[in-house]
Each structure stands twice: as C-alpha cells, then as structure tokens.
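Visitor: I'd like to learn how to read a strand within its sheet. Could you walk me through one?

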Amino acid sequence: MVSAEIKQAIQGAYSQFLKSRGLNARYGQKLMIAEIARTLATLEFDENQRRLGDRHVCVIEAGTGTGKTVAYLLAAIPIAQLLGKKLVVSTATVALQEQIILKDLPEVKKHSGLEFSYTLAKGRGRYLCLTKLDRILSDQQSAMDPTRALYEDEMPSVDSSAMGVYENMINALAANDWDGDKDSWKDELEDQIWSRVTTDHRQCTGRRCSNVTNCSFFKARDSLSNVDLVVTNHDLVLADLALGGGAILPPPHETIYIFDEGHHLPDKALGHFAHHLRVISTTRWLDQSIKSVPTMKDDLVQSSTVSHHLESLPKLLETSKKEMERLWPLLQSLAGDLADSQEHSPRYRFPDGVVNDDLKALAEELRVSFSELYTRLDKLRIELEDLLEDKHSPIPKVDLENWFPVISTWSGRAEACWQLWSSYAYPDADGSMPKARWLTLFDTGAYVDIEICSSPILAANNLQANLWQECCAAVVTSATLSALGHFERYRMRAGTPENANYALVPSPFDFSRAELRIPKGTADAGKAQEHTLAITRQMGEIINAKEGSLVLFSSRRQMMDVFEGLPARLKKLVLLQGDRSKQETIRQHKLAIDDGKGSILFGLASFAEGLDLPGDYCRHVIIAKIPFSVPDDPVEAALAEWVDHRGGNAFMEMSVPDAAIKLVQACGRLLRNEKDSGVITILDNRLLQRRYGKALLDSLPPYKRVY
C-alpha cells in the first residue's frame, strides 16, 4: 500500500509539472508513475536499512510517446528521498544520457517543485591521469608506456603533434581552463593520444597518489556522495558491480536503479562476464615483461620483500610464455579453415562448448601457470600498495608510483588469462548451462592472431546474483521489453525475478495514422536472390521520390545489390549508411527534406533503433525482410543449441521473439510524435505465408492493415 505521504508528494509534483508546462496528463504516463510507485513505495527494511522481501523490481514496457523519463523521475525521486536512498539512472546510449542531464532533469527540477541535486558519473577512462601526463612531459622516452591498454603492446613513441596536445593540457589545467574530463576538452582527441594519459582501476594508486588532491576522477567521484541522483550508463553500473559494488557508484543496497533502454542490459552484461585472450599479443606481452624485470629490480631493490617476489617472476613469466608458444600450432589445426573465409574476422565455435582433449590438457597447464603468475604479481602489487602508504618506505615514492601501475596491469592481465584458461580447462557440469567457446581469427595488418573466447550464453544468473538480489530496488523500462505479448524472453535473458512487477503501458499515439502494407507480389525473403530482385523492382513502384523515406535492410550485401539496381531517378536520392558518419548522413537527409526535396535513407540494424525522424523527415518506412538474427553470433548459436538439446524449439523460443522485438523497433521509426502519419511497407511474404507470421503481425501496434 502506497503511503499517503508518498502519494501526495508524487501527485503534487506531477500536477505542478503539468500545470507549469501547460501540458495535459497522459494516460500511459500516469499508469507508469503508478506502477513504479506501487513497487518502490512498499519496500520494507530491517534495522540496518537492508531491504526485506523480493518484490523490489519493476519491469515496464512503455510505448513511444509515453514520456518515460518524466514518469520515472517524478515517481522515483520523491520515494528515494523519503527512503534516504540514492537514485542511479542508467542508459545504454550517450544521446539519452545527454538528454536526461541537459533537458529532462532541468525541466523536472524547474517545473515540479521537487528539490534535488544530480550529476553525471563516468568511468576513470574519461578522466586525465595527471601522474601519467607528468611522466610523459618529464621524459619523452617514457612514451613507450608499459601500462598501455590490453593488446596494444607496441605503441609508438610520442610524436611532436601529441606532445603539443599534452603541453596544452597541462597549461589548461594550470590556468583552470580545463577540468581533466575528456568530454570537455576543446578538440577531438585521438584514442592513441588519450589512452596514454588516462588510467583504469588497476593502474590507479588511488588516495596514495601524489596528485590525488588535483585528480579529476576523484573530484568527480567525491561529488557522487553529495547528490540525490546520479546519471550514468549500463557499462559503468556493470563495471561497478564487477568490483563488488560501491567502488565507483553508490553501494547497491543503498541504491534504487532506473535502467532506461533496459532492453540492452542483458547483452551489455554478457560482455562483462565474457573472457578473451589473443595468443600472439599475450605472448609478446609476456616477452616484453621478462625484459622489463631487470630495470624493475634496479628501481625497487631497496625492499627485501619486493626483491623476494621479483626473484621468481622471470621464471613464472617464461613458463607462461613457453606454454603459450605451444598453443599456436594446436589452434592453427583447429582454425585452419578460417584463413580461407571471406568474413572480416572469421570464427570457429566449439559445438556444445566442448573442446577437444588436447586443447583441454594444455588449457589445464596454462591455467596452473597463469594462476601462479597472477598470485605472485598480486602479492607484489599488494606489497607496493602498502609501501605507498608507508611514510618510511625504503623505496622512493616516485619509483613506487612508476611501477605500481605496471605491476597492477600485469596482475590484471594474468588474472584474465587464468580465468580464460580455467573456462577451457574445466568442462561444464552435467545438466548445467554450457558456456560458448570459440576462436576468432584477426588480421592486424602486421600479423595474424587468434583470439580465444569464452562467454556465458545468458547473463541471467550473473545479473541475479550481482544486481537484482543486491540492489535496494530497480526499475527497468524501454519501448521494447516484451515479445509476442509477454515478458518471458526478457526474464530469461536478464534474470529479473518471476514475481517482479511486469507491466505494459500503452503509447498515446493513434496508430491508425500509419498504414501497414505487404504488397502483392512480395517475395519470400528466405530465397535471397529472388527476394533481392523483387525488392529492386518494387522500389520504383512504392517509393515517392518527393518525400522522406527510410529503407531498412538486414544485410549490407542486399542493401548494395538493391541500390545498384535502382533506376537513376531514385539512386541519386539515396544516402547509404556507411558512406559517411551516421550524424552526417542524417544531417544531409534532413537538409534535403528542409529544401523541399525527396531523400531516401538506406540503412542497416543500427538505423532501425533510436533513429528519430519526425514529420516529413520520414513518411515511409520500408522493411526489406523480417529481421531474424544472422546465425553467426557464437553466443546466440550456443544458446540455440542448448535450447534444442533440452527439447525446446530455438527458432520459436528465441528467433521469433527476437525478430518480433526488432520488427516493432523498425516499424517504430515512422510515428515519432502524435501528429505523425505515413506508411510502413514490409517486403517479406513470410509474414502471410508462414505459421509464425501471424504471431509477428499480432505483436505490432494496431496500424491500419492493407494486405
């Protein structure tokens, strides 16, 4: 039961917001506020303010135009304040993050009567490391930085152009014209230039650093404790949880999370729980590390404990290197056919995640050697960490600060190798969910490398353990969370609790303003060549050359084939995704429409989601085929294999629901506000001819149907 105090606070804020902005209440928005309040306002806590019970997660699909951001802010801010909890709003894209910080939060604060503070949280990688910048400026030869990013083992020397940038940075800091945030630097920064002067949690010496009082990251992080609401992204939330929670963001048990664009969360989580290792890059790193140890010994010899740890280090590094060298011919025999593949980065997936006995035996040896290497490096890291705290350390602080990031990076890399090889050495338990294991061939230009990969096939268990069970509460929202009318697909992938509050909130749009067409003569997209020829022919018949159109393809090859077959009068109007940046493509499209001309956007999957072309910018959305996933993703392939082995039907349980969501997203490019109208054309007759077609059509909004 929502208390009278909370109900009054939310209703008062919503009424004032609407009145101040001259808006009318939206039915879907009111429903969304009520669902969030019903979940959050009934939370109970023990004497230590830890949550009791497990009805603390709310999953809401809210259609386009609902006003999701305003709804969850007006509902969650008063409740979080009354409960004394932090509110963390997480998005999947920078665009939405900026919209919330620059537009939505200021408007809510100005018009609702609510008093609250907020800030934007970013990871360390967005901030300058002053220690690294000082080191580069004091000695240009140190630009061959041993703390470089993973797999970038041979970074070139700092050239004069980069040195100019670094000198400008230090001058801007001294003049107080820059805060050390990459995003506020006046010019675009190349990745290579920036990577030399930023850091991560392993390399950072934290509060022990000589520059901590001027550290832009710690200044930003300290501000998080003084605000009511933090805006961030899914990756940073997941990184914080991987560190145990509370390392960067507020502790999970003190936090109410709002995951906007929540349909991205499971895929983001999979990336955080996966393991990768490149064979040649790792071997080269080990070789370079062996060569660095003598210099390290010279600088750190004053401590007998450190010297003791360093004595065994070369042998451990050498053992790991030799075993990695034994790996290459074995992998070549497995990945031999990949060299002839036409794919950019061809893959070999181990069926059912089962590796052969030879690889498993070598993986066990590598697991042991990297475990020993990681253990030694971590002890050395801890020893250097302690010495940084010791005012009477026998080792000069400058040497400790120089070598601590190096050892920390080595330790982290050894740990990653150990985890990868543990995944390959130990078979999956009988009856358990298998891991996806695969090899990817990479041509770096200078040499060919093989990446060894392992990943869970679902993020559900990891999210359950690290997020849903640990958080105070959470709201997940998006326009596409359900599939085929229910939330089972999302629950399977994200691991949200069965008894969470799942709700569908309708869009305020009049969907009859859009006409859904499947023209006669539309071909079966399962027959690729016939389908491409049919689309090419139909384009001349269905596209109005005087208006804005968006044509969505599932493959670049088909997009190019159709483009080449278009009549000249249409071809000159087409803007192809990939010919220029996405932003520039859209800008040129809008300019053409603003000039009263026609323009046709040809795009792929990334144009089917998040693209906002209201009004005349898009009067016609053409979808070439049902957007079934291409079956080359090793994790999805392994998941389908597992579903089939359990007696399920991977196509109906996975492929069709996934396609339903993508189809809703693609069709959603047409109606972007309540006044929009136009046509959606789908050029795939499987929607009418196949059993699953009706289910896909039924999952779409109630457009006016013509077929």
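Visitor: How many residues of S15 are buried?

Guide: Keep in mind that this is a predicted model. Here, 5 of the 5 residues of S15 are buried, so the strand is mostly covered, taking buried as under 20% relative accessible area.

Visitor: Which residues of S15 lie on one side and which on the other?

Guide: The general idea first: in a regular strand, side chains alternate between the two faces of the sheet. In S15, Gly548, Leu550 and Leu552 are on one side, while Ser549 and Val551 are on the other. Both faces are covered, with these residues all buried.

Visitor: Now the partners. What does S15 pair with over 5 bridges?

Guide: Strands of a sheet pair through backbone hydrogen bonds, either parallel or antiparallel. Strand S15, residues 548-552, pairs over those 5 bridges with strand S17, residues 599-603, in the parallel sense. Glycine 548 has serine 599 of S17 as its bridge partner, and leucine 550 has leucine 601.

Visitor: And which residue of S18 stands opposite leucine 550?

Guide: That is valine 621. S15 and S18 (residues 620-623) are also parallel, with 4 bridges between them.

Visitor: Where does this put S15 in the strand order of the sheet?

Guide: Between S17 and S18: the open sheet of 7 strands runs S16-S17-S15-S18-S19-S14-S20, with parallel pairing. At the edges are S16 (574-576) and S20 (704-706), each pairing on one side only. From one strand to the next, the twist averages 20°.

Definitions and conventions:
Residues are numbered from 1 along each chain as its sequence is written. This is a predicted model: local features need pLDDT of at least 70, side-chain atom pairs count only at pLDDT 80 or more; totals for chains, interfaces and linings use all residues. Side-chain values use heavy atoms; hydrogens and water are left out. Two strands pair if DSSP finds at least two bridges between them. Helices (H or I, at least four residues) and strands (E, at least two) are DSSP runs, numbered from the N terminus. Axes are lines fitted to C-alpha atoms, for helices over the stretch in contact, and angles run from 0 to 180 degrees between N-to-C directions. Buried means under 20% relative accessible area, exposed over 50%, partly exposed in between (1.4 Å probe, protein chains only).
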